[in-house]
Amino acid sequence: MKAGTNRMGKYILNRLLWMIFVLVGTAIVIFTIMYFIPKDIAKVLLGSSATQAELASLRERLGLNDPYIVQLLRYLKNVFTKFDLGKSYIYNVPVMQELLSRIPRTFFIGCSVILFDSLLGIPLGLMAGLNQNKWQDALCMVLALIFVSVPNFWLALQLVDIFAVKLHWLPAFGIGGIKYYIMPVFAAFVSGVATNARQMRSSLLDVTRADYITSARAKGVSERNVVLKHMLPNALIPVVTGLGVGLGKSIAGSVIIETVFTIPGVGMYLLTGINNADYPVVQGSIIILSFFSALVMLLLDIVYAQVDPRIKAQYSGRMHGVTK
Amino acid sequence: MDDNNVFLSVNDLVVEYTSDKKIIYAVNGVSLKLEKGKTLGLVGETGAGKTTIAKSILRILPDPPAKIKSGQCIVGGEDMMQKTEKEMLDIRGNKISMIFQDPMTALNPIMTVGEQIAEVIKLHDKSLNKKQAFAKAMDALEMVGIKAERGGEFPFQFSGGMKQRVVIAMALASNPELLLADEPTTALDVTIQAQILSMIKELQQRQNTSMLLITHDLGVVAETCDDTAVIYAGEIVESGSKEDIFDHPAHPYTIGLFAALPKLNEETDRLNPIKGMTPDPSELPEGCKFHPRCEFAEKKCKCEQIPMVEVSPGHFCRCCRVNELER
Amino acid sequence: MKEKKHNHKKHNHENHIHEEQIQVRKKSMTMITLKRLSESKTAMIGLGIIILIFLVSLIGPFFCKYGVNEMIMADRCLPPSAKHWFGTDTYGRDIFVRLLYGGRYSLILGISGSLFGLAIGVVLGLINGYIGGAFDNIFMRILDIWSAIPGTLLAVLISTVLGPGFFNTMVALSIGSVPLIIRLLRGRILSVGHEEFLEAATTINASPFRIMFKHMLPNVISPVIVNTTMSVGGVILEAAALSYIGLGIQPPNPEWGAMLSDAKNYATYYPWMLLFPGCAIALVVLCINLLGDGLRDAIDPKLKK
């Protein structure tokens, strides 16, 4: 079993190195896209009344006159050595400082959403798949279909109307205790739960027909253990992959949900940045959200390797019978 | 055949599938007998109902869509059809084991092969702890010629032939009295086929296991079996000792099967396949199921239910013209 | 990898003989798929409603009493009635008429956004499949970075840079879907056998363009089609979300998300302003998902029973 831990270590190390590469790449891509904004930033900031001299001095101060590659390298150096994402044009506050206070809120929403997505979606899909073509299945799948089709911000607005305005059970917006997060998290996770349930159901139905399930039955494994020990672990593999895709959605979804509930998180900051043409804010927020997404992806990769030994074994250097 | 020594006897087994409101008549009154320690070869084309028979004996057919309509499967004096599901759990993998056709997919891809063998051992010997079961699993691996240290590896790390050895180790791990081998070598390379067959044969003899060998390959039957039954469209059309079938085939279908084999000692340009296609199992022909393809078919073949006729002692044939045709 | 080696062994001469046969089989496969699809009641209901909504949103406005941006000050904030079926908004505009107009945006944006992503993905995927080798390695690493930025964020970023407008929004919405399409194609190309296409095509002297689009594409496209159909609903939701936060389609254009954004502050007093656009989005997305599910089952029928 020692070889197993060693193998896992190698795998995690490999994924970590890989993540650093992806992070740098992501930063380059985001910087480059932002670089091509067809607006003169100095003009946007100073307004149309500014003189040529004022514009020129601002451009010089912001380093906008340097060639692309110099600006890029400076930005990367600042981000990865000093954790400096630049200063807000409007408020003149370091973006990183502002983000640090906001990250926990977004992180909290994002993680809760992923947690609920899997904790509710997987069992529901399992129940539907095991009762294929019975009422539980039909009910689950009709609900899932409806919930993947409803826009989450609309659902959020309806929730506010019902639970905050009409019933006064929950606060409509802002931050505070845990009850401020109930509606945002709920509005953000329902579509993910629905997606996971659908994915879980179809991958379970796939596995149900597999030969190794018949051979487990032929061994005398009880129906309960056939499901728990043979079907479930195999059916989970594509679901874990699906979680990664859903993750991106839920992080980006935080931008919209935070807007609806006026939660001062990274998403809200990003949107203020967009509305004010405050590009360091936009750039910094998107980079942070992408980093967060990459981090959770890494965790999912590790989970994935746990459920699917084929991934881990690539790092053990011992592969047999690759050819038929 | 000595009736007192019969270990497995399938009597009038009828199995149907329902699919899209159509009824598929997969097995239509099949009876088989197999003696203790002997091997019965069940020969037939794809879709003739061979695998369904094996799965019926173990009662692992998915219900729905499959339904065992009637019949008995008596193994060692006990009718499997009368057992509760709980009793069956004890029998499967213990008293009766099955080897599956495709070793590529018959093993759980995310469990080590050792765990998979240990699982069946532990299920049927509750006194063992995990470690002991695993140790026994390693013995089973050694038995099929795989080094014990590879027990911690996953199926994808094995080649096809090695996987089939693992499947065999799993099936034989708890010394079954009856082994159902469903085309155990079809998915393998020809060179590996021979190795696997002789290994199954040797282990079977050592443990005095009875074996029902399902195959479409007459060569495999010639090498391994004592008795043979030929199945066509869910019915046994001919049964008897291997010598009966190979030296004096009586049913036109069996004769056709042998005629379709390439002959090494004769110079031929083409093979002689049996004309026509196997019938659609949801719309089986009346009377003899083989009559649309049979060159000897007569009027009575089309409307009568044809009974089994004893051609010589122990050699049965389901053909109404067998006595006229015999040369 | 296993597949590749296996296919490599196959006889060369089979390849060109089969070209015509493959064409025939391909056609009949499409027919079979369509036939199966037409047998699915739910998919047909979905398709029917989508076509109905689309037609009504194209033709309907010509028969309406009110213009799409016609403000009737006397009729502000009216609840649904015989005069204004879905009520009016804060500017006295008829919500039903605006919904009809908005249907064009949502449907066309959803479909064109998915198709644009599909087109980019297919071209890049085929080129990558054609070249393969070291190029494939590098390309996959680029793709990893591309897909590390969540799709909606990429859409937000690109529509910020490009600015509002229909075409820009479409581009922004489609970029995020490209990596998945390329991956799906790549998986299929690998499993069908990359070399076989090249060998087959070289024997008949086909041009690279012909090889990619005539030989590779028909063999690898089906999972991508299912994926794209399923994604149209998501794109519509994303488009609505973009308009809701003020990017994408801009007011006074009656995009459904933009209408929701207009209405959000009045939800308590005038719930119909929020209810109808939201239901419209949900209905269209639901129908597209029904159609997508049906198509998936039709192409891969084993999932159904």
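Read along the sequence, chain C shows the pattern α-α-α-α-α-α-α-α-α-α-α-α-α. This chain contains 13 helices and 0 strands, where helices (H or I, at least four residues) and strands (E, at least two) are DSSP runs numbered from the N terminus. The structure is a predicted model, in which local features need pLDDT of at least 70 and side-chain atom pairs count only at pLDDT 80 or more, while totals for chains, interfaces and linings use all residues. Residues are numbered from 1 along each chain as its sequence is written, and chains are lettered from A and ligands numbered from 1 in the order in which they are written.

Of the 305 residues in chain C, 43% count as buried; a residue is buried if 20 or more other C-beta atoms, placed from the backbone, lie within 10 Å of its own. Two residues are in contact if their C-beta atoms, placed from the backbone, lie within 7 Å. Among the contacts in chain C with a separation of 6 or more, 71% involve residues 24 or more positions apart.

The axes of helix H11 (residues 222–244) of chain C and helix H12 (residues 256–263) of chain C come within 7 Å and cross at roughly 40°. Axes are lines fitted to C-alpha atoms, for helices over the stretch in contact, and angles run from 0 to 180 degrees between N-to-C directions. H11(C) and H12(C) are therefore oblique to each other, since angles under 35 degrees count as roughly parallel, over 145 as roughly antiparallel, 65 to 115 as roughly perpendicular and the rest as oblique. The residues that make this contact include Ala239(C) and Leu242(C) of H11(C), and Trp256(C) and Leu260(C) of H12(C).

The chains may now be considered together. Of the 2 pairs of chains that touch, chains A and C have the most contacts. Chain B and chain C do not touch, and their nearest C-alpha atoms are 9 Å apart. Between chains B and A, 28 residues of chain B are in contact with 23 residues of chain A. On the side of chain B that touches chain A, H4(B) gives the most, with 4 residues.

At 1.5 Å a residue, the 15 residues of helix H4 (residues 68–82) of chain A should span 21 Å, and the end C-alpha atoms are 20 Å apart, which agrees. The expected span is 1.5 Å times one less than the number of residues. H4(A) is followed by Phe83(A), whose phi is positive, near 50°.

Note on methods. A residue is buried if 20 or more other C-beta atoms lie within 10 Å of its own, exposed if 12 or fewer, and partly exposed in between; C-beta atoms are placed from the backbone.
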